[in-house]
Amino acid sequence: MSVDRAATPTTPSTDEFIKGLWRENPVFVQVLGMCPVLAVTNTARNALAMGLATMFVLVGSNVVVSAIRRFVPKQVRIVTYILVIATLVTIVDYSIAALSLELHKALGAFISLIVVNCVILGRAEAFASKNGLWRSFLDGLGMGLGFTFALLCLGAVRELFGMGTLFGAAVLPAAWQDWVIMILPSGGFFTLAGWVLVVNRINQGRARRKDAEAA
Amino acid sequence: MSESLASIFLSAALVNNFVLAWFLGICPFLGVSGRLSTAVRMGGAVTFVMVVSSTCATGINMVLAAIDAPYLRLISFIAVIASTVQLVEMFIKKVSPTLFRQLGIFLPLITTNCAILGLALFQTNRGYNPIQSLVFALGAGAGFTLALVLMAGIREKLDLAEVPQLVRGTAATLFVAGLLSVAFMGFAGLGS
């Protein structure tokens, strides 16, 4: 995260938003917050809900932490951040239960577990505690979108092969034999490994092209 | 809840292994499990924190039920876990400075290990009594240690193997984790 520490107000603030989407994607590049990534992505719908819930907490905690950053003593900052995050997660938990009980059941304890998602505490510590309100907001939004994007990538692949559907609608022909393993825990590991390979390949190709241009 | 204690233990340790079936505690699993000796010690520390925080969580649940404030549950759990980890850290520093240095940054990071908060939440959701909770915590700790040690053993061997540049690192670890998870599926039905 040395990149963030070096960030000076000279970089355009839109960059804080864009970096989370791909270049510093929390899941594919930083490999953070793995628990929800693997646990709730057996369908695209669950993945999207989890991504949005996390994004809300991420944006909220970034804004609050940034706003109070001058008043919090250094020794108790981590505890303070955790309490801020836990409060936001409780709000999300109760909101989801009120909006859709079925979704709340599907996600189960994993909504509460957003508290210990290292992406959120990581952004609070590495970015929001050192940057202004607007930048922290953009950073949270970008990282949240990147996180949601990664969850959707996994959820869509696992649902498509595991059940032949996408967002609950049948996509593959009825003759399709479901790959049951994809919706089981092991399928989560394999799918994520596959996506990491794809991302590595793309980034390698880019780096090579850049080298070729420089030469 | 009339589950027998043995079935709770076996279920938490093997059938529904916290790491390989529920994806709890993946971060230390992927991060710490590089060397066998560290993995064993880490497993021990996590098991201890699990037992202590599970006991505290039982107490918290009673208090919160008495004052009728379930919305404070998450905040109180996380506060208890953070203080337990702090306590363990001070204790280890005093008793064994060598172990303290070996565990390094991973000791405070136990706070954000979702296996521990997950444990507290699961035992609440299932309404375990204090003794069942204790057994559940021990089983979960054993399962976590087992997964960590297995993974570390495989990764020590994997270092000697010729892995393509593209797969090396995260992707290889994830493939191995997937295979381990398939293996643990073989325990399904045990103890029920």
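How much area do chain A and chain B bury between them, and what percentage of it is on carbon and sulfur atoms? In this predicted model, the two chains bury about 3000 Å² between them, with 86% of that area on carbon and sulfur atoms. Within chain A, the residues that lose the most area to chain B are Cys35(A), Val116(A) and Phe189(A), which together account for 21% of what that side buries.

**Contacts between the chains**
- The contact involves 34 residues of chain A and 36 residues of chain B.
- Between chain A and chain B there are zero salt bridges.
- One residue pair is in polar contact between the two chains, with both residues at pLDDT 80 or more.

**The side of chain A that touches chain B**
- Four helices of chain A, namely α3 (34–39), α5 (77–99), α7 (118–128) and α10 (185–214), each supply at least two residues of this side.
- The largest share, 11 residues, comes from α10(A).
- By class, this side of chain A comprises 26 nonpolar, seven polar and one charged residues.

- The model contains one cavity of 30 Å³ or more.
- The largest cavity has a volume of about 70 Å³.
- Its lining consists of 13 residues, and those closest to the centre are Cys35(A), Pro36(A), Leu113(A), Val116(A) and Asn117(A).
- With three residues, α3(A) gives the most to the lining of the largest cavity.
- The lining of the largest cavity divides into 11 nonpolar and two polar residues, with no charged residues.

Notes. Residues are numbered from 1 along each chain as its sequence is written. Chains are lettered from A and ligands numbered from 1 in the order in which they are written. This is a predicted model: local features need pLDDT of at least 70, side-chain atom pairs count only at pLDDT 80 or more; totals for chains, interfaces and linings use all residues. Side-chain values use heavy atoms; hydrogens and water are left out. Contact means heavy atoms within 4.5 Å. Buried area is the accessible area (1.4 Å probe) that two parts lose on being put together, summed over both. A salt bridge is a side-chain nitrogen of Lys or Arg within 4 Å of a carboxyl oxygen of Asp or Glu. A polar contact is a pair of N or O atoms within 3.5 Å; within protein, one must be able to donate a hydrogen and the other to accept it, and residues adjacent in sequence count only if both atoms are side-chain atoms. Ala, Val, Leu, Ile, Met, Phe, Trp, Tyr, Cys and Pro count as nonpolar, Asp, Glu, Lys and Arg as charged, and the others, Gly among them, as polar. On a 1 Å grid over the protein atoms alone, a cavity is a set of points where a 1.4 Å probe fits but cannot get out, and a pocket is an open set with protein on both sides within 12 Å along at least five of seven lines; lining residues have an atom within 4 Å of a point. Grid points are joined across faces, edges and corners, and a volume is the space filled by probe spheres set on the points.
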